[in-house]
Amino acid sequence: MGDAVDDDEKPPYAFFFGGMGASSAIIFSAMGAAYGTAKSGTGIAAMAVMRPELIMKSIIPVVMAGIIAIYGLVVSVLIAGSLSSSYTIRRGYTHLAAGLSVGFAGLAAGFAIGIVGDAGVRGTAQQPRLFVGMILILIFAEVLGLYGLIVAIYLYTK
């Protein structure tokens, strides 16, 4: 009878939920990072026509967008590494929740970084005093992805 309970807790489809958590983490966070990079990159290109000396200073939003993808990669690797023969359905559900939390938080953060980065670098080209404000807003946008990472790691350990 004890074996039947163990089999009920470890169905073959438990791996599906864990795999979906791992893939959701990297897919959605990479989508956010890609959007942030593309949107900020177009702003940098437009700004560089008039002020080419500010190109390196304006790369900061692109770097911050790339960090968002790293958050998803960390959670994805953690989840994928825990898939083993003792994987339970409960762990599958919590790993799916962890992947979705970091993935969607990364998507939202990437959108925010892209929009702020685009407007910020264009504005900084016209008024250099906007640079500090842009950096502060980018930090607040980046921390949204960090919140998702914290929740995901907390869920992963449960």
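# A walk through the helices and their salt bridges

Asp 118 is buried, at 11% relative accessible area, where buried means under 20%, exposed over 50% and partly exposed in between, with a 1.4 Å probe and protein chains only. The model is predicted, and local features need pLDDT of at least 70, side-chain atom pairs count only at pLDDT 80 or more, and totals for chains, interfaces and linings use all residues. Residues are numbered from 1 along each chain as its sequence is written, and side-chain values use heavy atoms, with hydrogens and water left out.

Asp 118 pairs with Lys 39 in a salt bridge, with 3.7 Å between the closest N and O atoms; the term stands for a side-chain nitrogen of Lys or Arg within 4 Å of a carboxyl oxygen of Asp or Glu. Because Lys 39 lies in helix 2 and Asp 118 in helix 4, this pair ties together parts that are 79 residues apart in sequence. Helices are DSSP runs of H or I with at least four residues, strands are runs of E with at least two, and both are numbered from the N terminus. Lys 39 is partly exposed, at 28% relative accessibility.

Asp 118 also forms a salt bridge with Arg 122, where the closest N and O atoms are 2.7 Å apart. These two residues are four apart in helix 4, so about one helical turn separates them. Shared partners join Lys 39, Asp 118 and Arg 122 into one network of salt bridges. Arg 122 is partly exposed, with a relative accessible area of 38%.

A search of the whole structure finds three salt bridges. Another of them joins the side chains of Glu 53 and Arg 51, at 2.8 Å from N to O. Glu 53 counts as exposed at 54% relative accessibility, while Arg 51 is partly exposed at 26%.

Ser 58 sits in the loop between helix 2 and helix 3. Ser 58 is buried, with a relative accessible area of 5%. Apart from neighbours within four places in sequence, Ser 58 is in contact with Ile 44, Met 47 and Val 121, contact meaning heavy atoms within 4.5 Å.

Thr 37 belongs to helix 2 and is partly exposed, at 32% relative accessible area. Its C-alpha atom is separated by 7.4 Å from that of Pro 61, 24 residues away along the chain. With neighbours within four places set aside, Thr 37 is in contact with Val 62 and Ala 65. Phe 28 is also in helix 2, partly exposed at 22% relative accessible area. Beyond its neighbours within four places in sequence, Phe 28 is in contact with Leu 100, Gly 103, Phe 104, Gly 106 and Leu 107. Phe 28 and Ile 150 are 122 residues apart in sequence, and their C-alpha atoms are 16 Å apart in space.

The largest nonpolar core has 26 residues, of which Ile 68, Val 75, Val 102, Ile 113, Met 134 and Leu 138 touch the most other members. Such a core is a set of buried Ala, Val, Leu, Ile, Met, Phe, Trp, Tyr and Cys residues joined through side-chain atoms within 4.5 Å. Helix 2 (14-50), helix 3, helix 4 (89-126) and helix 5 (130-156) are the elements that give two or more residues to this core. Leaving aside neighbours within four places, Val 75 is in contact with Ala 25, Ala 98, Gly 99, Val 102, Leu 149 and Ala 152.

On the surface, Val 63, Ile 67, Ile 70, Val 74, Leu 78 and Ile 153 form a nonpolar patch with about 430 Å² of accessible area together. Patches are made of residues with over 30% relative accessible area and no salt bridge, with like charges joined within 9 Å and nonpolar side chains (Val, Leu, Ile, Met, Phe, Trp, Tyr) within 5 Å. Helix 3 (residues 60-81) gives the most to the patch, with five residues. Leu 78 lies in helix 3 and is partly exposed, at 31% relative accessibility.

The unreviewed UniProt entry places the feature "transmembrane region" at residues 12-38, 59-83, 95-118 and 130-156; such annotations may be inferred rather than shown by experiment. Residues 12-38 are 93% helix and 0% strand, with end C-alpha atoms 40 Å apart. Residues 130-156 are 100% helix and 0% strand, and their end C-alpha atoms lie 40 Å apart.

How values were computed:
Accessible areas come from the Shrake-Rupley method with a 1.4 Å probe; for residues, only the protein chains shown count as cover.
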